[in-house]
Amino acid sequence: MKLNSKIPSGPLAEKWTNHKFNVKLVNPANKRKYEIIVVGTGLAGASAAASLAELGYSVKAFCFQDSPRRAHSIAAQGGINAAKNYQNDGDSVFRLFYDTIKGGDYRSREANVYRLAQVSVNIIDQCVAQGVPFAREYGGLLANRSFGGAQVSRTFYARGQTGQQLLLGAYSALSRQVANGKVKLYPRTEMMDVVVVDGKARGIVTRNLITGAIESHSAHAVLLCTGGYGNVFFLSTNAMGSNVTAAWRAHKKGAFFSNPCYTQIHPTCIPVSGDHQSKLTLMSESLRNDGRVWVPKTVEVAEKLRKREIAPKDIKEEDRDYYLETKYPSFGNLVPRDVASRNAKQVCDEGRGVNETGEAVFLDFRDAILRDGEDAVRGKYGNLFDMYQQITGENPYKTPMMIYPAVHYTMGGLWVDYNLMTTVPGLYALGEANFSDHGANRLGASALMQGLADGYFVAPYTVGDYIAGLSYDKVPEDHPEFRKAEEEVKSRVKQLLEIKGSKTVDHFHKKLGKIMWNHCGMARNAAGLTKAKEMIRALKEEFWSDVNVLGTGEELNLSLEKAHRVADFLELGELMVDDALHRNESCGGHFRDEYQTPEGEALRDDENFAYVAAWEYLGAGKDEALHKEALVFENVKLTQRSYK
Amino acid sequence: MNLTLKVWRQKNTSDKGGFKTYKISGISADMSFLEMLDVLNEDLSGKGEDPVHFDHDCREGICGMCSLHINGQPHGPQQTTTCQLHMRSFKDGETITIEPWRANAFPIVKDLVVDRSAFDRIIQSGGYVSVNTGGVPDANEIPIPKVIADESFDAATCIGCGACVAACKNASAMLFVSAKISQLALLPQGKVEKRARAEKMVAQMDAEGFGACTNTGACSAECPKEIKQSNIARMNREYFAASVSTEKV
């Protein structure tokens, strides 16, 4: 199969406009005859479901949480980028496009990223019209701030709760369509499989998480808006329920999976405190606007800190190493996430970490408080400081915060063409679930932008183009393909329940997480990855022979839900390792020890690796087949990323 | 830390349910309350007993999915969500009683899990500005005074967890409903429909079986997001204005 990205011809700035004109339209009176399934109700899912319903399609929206408003987009803190240039500081669509391409280390598609930058301005308008209370200046107009990796102020925000406010906006639009009868909601329902009939996605099979009922839903198109797979690491900033299951099942039904090794390790998280820990908490990277990152210059001083013989405030200015400011004078503490994370790891590996575990650096607000006053700092970051204090028991106004990188976002995902369609016709992937816009590294405040761009402004056009070529007829839900998929799901439930082994699901999840973090985390190398592959295979075998899943399939059963998800993570983990192993270069979030510049920066190999890796599932136990989509850059010049 | 847990166990909605007592040891003060329950569940699972079911997701205090009535208080002794409650708030040897939210409008699904879909239906009845995607004015064409925007924002931070209902002796949902009505009524975008919104949302709230408000303020005192009681006053004003208005809504 040859990958066709379907990028429209013509100049970059006109591609999307021309494409919108060229897509086929569905007669407004006929739209209600078409059913569209949207899985996931985060920013991408809720906005797509609402927008498609407004157009007139009949939509079914599914989420595993008890309400669509709980989707993990809600936890995004910092903000959302848009090329509004309200600050008159030189921003433009092209600059946002350029920053995003460069920030992604030249591993994303020009046309997709340009479209993202173009529609970014519409997103802000849309959200304000919905009543999203963005931060404002005293004159009543919208406020902006700068954000990691950008030198203009283009980030719109709602205190430290931007994701919450945007999601509640999309949720309100979705709720309105539920009231209008255009969307039917299925909360506490998990997608278990995609059903493909005659080569087209024609529906899904779900499990009702309360009753355990396995059900079929037929449709004309299926949109997966199911987020990322960061929880493969067990410890991440993702919600506990975030999982890869929907995307992985689609992958096994023919959707190629792209760049799985591109994972983002966020530099500003609260450090791990012990083995009992269930998740990691992010502190918005907006904190890096005013906080200064440092560690002691010497290992000796760091050791005293770790033993609590001295307090951070006792360390003299000349004994502090503000390593980001020294190394990257023009970006300083605002370097992109991958660079900030890698440097934190480096100074900790040198023995200069500042907490008991040696895996933490300081993020210090002393100077900001002296400069602007405590109230001003509280006004900007109050809720984040409170959160920090609640979790750690320390007051960040008095003593510097301690932070360490943690898994946060996954740039990889299902391969999609320009229309956001996967390699299975009629099956789409939106938001973090697809691979398309962030290359090998995502810039801050770009995830919310992409989720809403896909849902509000891209899918409503491109899905219509596909639907227009279909007849109204639905595949009946008792079609043999639905029956077959249902039977497969049921037998998998049965299989999991019958193992009755000796170890809990979490035991396996934690083990997998450790393997991934140690060998496929912030830095990877061939030897470690090769070892990891064997370890994952062995763990997978052990899982299927020794896991203990309690209860029955016909009730609310958390350990069964988790078992399904962990089983899929085990398979994904192996593919991530394969992908990381084959990519013999360093780029963005993928850092291979073997490929670095003398200064320790990521060393790309554009000649051999300027492509999207798209993996095809070939069957259980088989290595997947690699397909390549060459990345063509006509509008930017590939350079080594420099933030010096 | 060693603790005794009295936990509400109920197989399903129709089961009668009752307390079960568990002993748990080796809990550190840095654990979150839910991580303490994770330890209990690993323990129970290891022994082949059904783990305690409870709702939780983001564990960052923002999704609103976690609940739990802890020692008689929604989300426990701190004014925060249960996931942000840490064991340093408890003493070694303490007995902790854990119950689900108690309200007719929130039927128990299993153990500590309740059905809060009533909140979704209330939002569906009018908790939005009726705009479609596209065709909206430029974001800066609607200047909003900062104080108004901030006041609206304070109301908008509600996470829909239901602690207000659980805290109220009447199981009233007024704080939740008023937060949404306030957020939108304060903003020019939301003003257009504010009367119809107040009427519809209050009607749906009543239909769901939530109780009336007697101004005890328990809701606001327990709210993890410190949603102010003054929102209820604003909702009542909007509702009253709508009921005496001659405008057809």
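A nonpolar core is taken here as a set of buried Ala, Val, Leu, Ile, Met, Phe, Trp, Tyr and Cys residues joined through C-beta atoms within 7 Å, where a residue is buried if 20 or more other C-beta atoms lie within 10 Å of its own, exposed if 12 or fewer, and partly exposed in between, with C-beta atoms placed from the backbone. The structure is a predicted model, in which local features need pLDDT of at least 70 and side-chain atom pairs count only at pLDDT 80 or more, whereas totals for chains, interfaces and linings use all residues. Residues are numbered from 1 along each chain as its sequence is written, while chains are lettered from A and ligands numbered from 1 in the order in which they are written.

The largest nonpolar core comprises 281 residues, and those with the most contacts inside it are Ile36(A), Ala49(A), Leu223(A), Leu224(A), Val361(A), Leu414(A) and Tyr428(A). In soluble globular proteins, nonpolar side chains tend to be buried together. Two residues are in contact if their C-beta atoms, placed from the backbone, lie within 7 Å; with residues up to four places away in sequence left out, Val361(A) touches Val293(A), Val295(A), Ala344(A), Val347(A), Cys348(A), Gly353(A), Val354(A), Ile403(A) and Tyr404(A).

Helices (H or I, at least four residues) and strands (E, at least two) are DSSP runs numbered from the N terminus, and two strands pair if DSSP finds at least two bridges between them. In chain A, five strands form an open sheet in the order β5-β2-β1-β9-β17, with parallel pairing. Its edge strands, each pairing on one side only, are β5 (183-186) and β17 (427-429) of chain A. With direction ignored, neighbouring strands of this sheet are turned by 20° against each other on average, axes being lines fitted to C-alpha atoms, for helices over the stretch in contact, and angles running from 0 to 180 degrees between N-to-C directions. Within the sheet, strand β1 (residues 35-39) of chain A runs parallel to strand β9 (residues 221-224) of chain A and is joined to it by four bridges, Ile36(A) having Ala221(A) as its bridge partner in β9(A). Helix α6 (residues 245-252) of chain A lies across β1, β9 and β17 of chain A and runs at about 130° to β9(A). Helix α12 (residues 447-467) of chain A also packs on the sheet, where it touches β1, β9 and β17 of chain A, and its direction makes about 150° with that of β9(A).

By an automatic or database domain assignment, chain A is divided into domain 1 (12-262 + 411-467), domain 2 (266-406) and domain 3 (487-603). The C-alpha centres of domain 2 and domain 3 of chain A lie 30 Å apart, and six residues of domain 2 of chain A are in contact with six residues of domain 3 of chain A. On the side of domain 2 of chain A that touches domain 3 of chain A, helix α9 (residues 337-352) of chain A gives the most, with five residues.

Asn259(A) is found in the loop between β10 (257-258) and β11 (263-269) of chain A, and this residue counts as buried because 31 C-beta neighbours lie inside 10 Å. Not counting residues up to four places away in sequence, Asn259(A) touches Met411(A), Gly412(A), Phe435(A), Asp579(A), Val612(A) and Ala613(A). The C-alpha atoms of Asn259(A) and Ser436(A) are separated by 9.7 Å, although the two residues are 177 residues apart along the chain.

The contact between the chains takes 64 residues from chain A and 67 residues from chain B. On the side of chain A that touches chain B, α5(A) gives the most, with nine residues. The residues of this side divide into 25 nonpolar, 27 polar and twelve charged, where Ala, Val, Leu, Ile, Met, Phe, Trp, Tyr, Cys and Pro count as nonpolar, Asp, Glu, Lys and Arg as charged, and the others, Gly among them, as polar.

Chain B contains nine helices and seven strands, and buried residues make up 53% of its 249 residues. Strand β1 (residues 3-9) of chain B pairs with strand β2 (residues 18-24) of chain B in the antiparallel sense over seven bridges, with Tyr22(B) in β2(B) as the bridge partner of Leu5(B). β1(B) also pairs with strand β5 (residues 95-99) of chain B, in the parallel sense and over four bridges, and here Val7(B) stands opposite Ile98(B). The domain assignment of chain B gives domain 1 (3-110) and domain 2 (117-244), whose C-alpha centres lie 29 Å apart. Their contact takes 18 residues from domain 1 of chain B and 16 residues from domain 2 of chain B.
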